[in-house]
Amino acid sequence: MSIDINTILMYLLYALVFPGLLFSSVFGLWLAGVDRKVVARMQKRIGPPIMQPTYDFFKLLGKETIIPANAATTTFMLAPYVGLVSLVVLALFIPVGGFQAFGGMADIVVVLYLLTIPSLSIIFGGSASGNPFAGVGVSRSMVAIMAYELPLILVLLAVSKAVSGNGMLTFSLEGITTYQKLNGSLLFDWRLLPAAVAMLLVIPCEVGSHPFDVGEAETEICEGPLVEYSGAPLAVFKLSHAIKMFVMTALFAALFLGGIATGMLWLDIVIALLICTVVTIICMSFLHAITARLKVEQVFKFFWTVVSGLALVSLILVWIGI
Amino acid sequence: MFKKIIENSMAKSPWLFHINAGSCNGCDIELVAVLTPKYDAERLGFKLTGSPRHADIVVVTGPVTAQSKERVIRTIAQVPDPKVIVTLGSCPRSCNVFKGSYSVVGPLDNYVDIDVSIAGCAPKPEAIIDGLALAAAVLKEKRRAK
Amino acid sequence: MGLPFIKEALTQLFSKPSTANYPFVPREAPPNYRGRIVFHPELCINCNMCERVCSGGAISHSGVETEEGELITRRFFLGACTFCAHCSDFCAKNAIELSGDYHMVAREESDLVVEGTYLKKKPAPKPIPPKPAEQAKPEPVAEAKPEPKAEEAADPACAVEE
């Protein structure tokens, strides 16, 4: 097996610059800024500047890092970086405007597994900190993960079934985008409309946005698993949160609005990023502005009845092939 | 250059942590009023955090009571450096009308150094914004001195 | 789940925010706002009523002996003030005022202090009651040095001027 130096350099470029670390951080922080600004405007406020999450990130880098005496130091310090790396890898797998750095036969499954790692890293970091608030937050985060995993899997199943027709299930994001380029975006397929709505509700829970942020409830349990973090690790967690926004909205864009193709790659990418912003505004800012935080059991019930029900309706409609 | 970016960010995103050291609730309400749509301190980057580990500015209200003294000192010690301590209202500065009470062991500067004090009983939200802006400037100064 | 704020959120997104952009748009305090204390030392008659009614113990005074009398400095520490305006209500000569200035933010304790100095003149020496036999003139005022006891005995309200 010959390894070309150019290939290595290209993959490094992918991982560090374009869909990887640098681009996803910058765009994710921008999305987080847009989110805060739009929420503020919906609440009759002026709101922070769009650069605010960037300022927060750099400020946290300049703060002292305190490690609690009864924390498991290695896990406590490594957890945020594990989450960040898995998110950057995730960004490589998700096609942005038809551009995908890594592809494969069944990358949806990879995406599904990788999506749990950031949440798990928060759980590991929280439980390593040895704080009782973090303990409560960890158990709540686990409930939230269980709540959104089921509808997410159902949505992905419905989409792949719709794409593959009568043949074998297509678990490839590239296949899904190619199908949409040929047959039009899946959002305009009425059978998949309930699944799209379910996906829009899964995104805020996955990201930890407002009505579903049970794990990081700052007024009740002092931001839950993040309670003991300070300085650079906290900055990395905030960055992961921002990248997660980008990844989840890009996943939505790839699954349901992948059919927009102008022929020029950069224009496709710009359109995909615009879609990401709009999805952020609809499913995170708008929901944040109009709702208050739900209780843990309410989140669980809501996701396993309403959201899963919506996804299931789509799946059945697709499966019986109307 | 990187140092300069961090310094500028310090002044632009100060996060607050609020300690009630036996306050009568007047100043607490005014502090919350600063975050409402009418005054909206978030446009200057201020944010109320839930954990002292995330905070940059510690806002103390109330004369330090015997019960709260231990907690105030411990909470302030948990805030990572650089940090700024702001006293809101007259009570933490001088115990105000509670001076001489058997349950009051203040004022706060017996225990920690106060960086910025906002006078008033209770201060107007505009005065609180002034004070917090000054505290953010002090934060930047402290970071530069480090 | 009722969502009563959908319309509100959407209309507000496209209308003007209700925020008063404070540090960039200056703002006056409402009339009769009780803010920073303004002290007029030339009106003070040193009755100490303000000190007696002050609940926070914010008012104090200290004196320095000089040739002409006692230079008294009245000191208002705003860090201990309740802004109840009792001092100005009880002031017989309206020497204390509470202004509308609310910018009381300080890094040093000295920035929160309002001071005023005035002179408490020494009382004129009591004229020696002329003996009917001698018909002597009373002594000139400046030359006689009164005894401390005489000063204490004098009624402060009458003795202090300026």
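A hairpin of three residues connects strand S2 to strand S3 in chain C. Helices (H or I, at least four residues) and strands (E, at least two) are DSSP runs, numbered from the N terminus. The model is predicted: local features need pLDDT of at least 70, side-chain atom pairs count only at pLDDT 80 or more, and totals for chains, interfaces and linings use all residues. Residues are numbered from 1 along each chain as its sequence is written, while chains are lettered from A and ligands numbered from 1 in the order in which they are written.

S2(C) covers residues 59-65 and S3(C) residues 69-77; the two run antiparallel and are joined by seven bridges. Strands count as paired if DSSP finds at least two bridges between them. Within this pair, C:His61 stands opposite C:Arg74. S3(C) also runs antiparallel to strand S6 (residues 113-121) of chain C, through nine bridges. There, C:Gly69 faces C:Lys121 as its opposite residue.

Chain C as a whole contains five helices and six strands. Their order along the sequence is α-β-α-β-β-α-β-β-β-α-α. Of its 162 residues, 22% are buried. A residue is buried if 20 or more other C-beta atoms lie within 10 Å of its own, exposed if 12 or fewer, and partly exposed in between, with C-beta atoms placed from the backbone. Among contacts in chain C between residues at least 6 apart in sequence, 74% join residues at least 24 apart. Two residues are in contact if their C-beta atoms, placed from the backbone, lie within 7 Å.

Chain C meets chain B through 24 of its residues, which contact 25 residues of chain B. On the chain B side, helix H4 (91-94), strand S5 (116-118) and helix H5 each supply at least two residues. H5(B) gives the largest share, seven residues. By class, this side has 11 nonpolar, six polar and eight charged residues. Ala, Val, Leu, Ile, Met, Phe, Trp, Tyr, Cys and Pro count as nonpolar, Asp, Glu, Lys and Arg as charged, and the others, Gly among them, as polar. Strand pairing also links the two chains: S5(B) and strand S5 (residues 105-106) of chain C are antiparallel, with two bridges. B:Ile118 stands opposite C:Val105.

Chain B also touches chain A. Here 19 residues of chain B are in contact with 27 residues of chain A. Helix H3 (52-61) and helix H9 (218-221) are the elements of chain A that give two or more residues to its side. H3(A) gives the most, six residues. The chain A side divides into 11 nonpolar, seven polar and nine charged residues.

The largest nonpolar core has 109 residues. Such a core is a set of buried Ala, Val, Leu, Ile, Met, Phe, Trp, Tyr and Cys residues joined through C-beta atoms within 7 Å. Helix H10 (residues 232-256) of chain A provides its largest share, 18 residues. The residues with the most contacts inside the core are A:Ile94, A:Val155, A:Ala158 and A:Val159. Leaving aside residues up to four places away in sequence, A:Ile94 touches A:Val111, A:Leu173, A:Val247, A:Ala250, A:Leu251 and A:Ala254. Another core, of 64 residues, lies apart from the largest one and includes B:Leu16, B:Ala122, C:Ala80 and C:Cys87.
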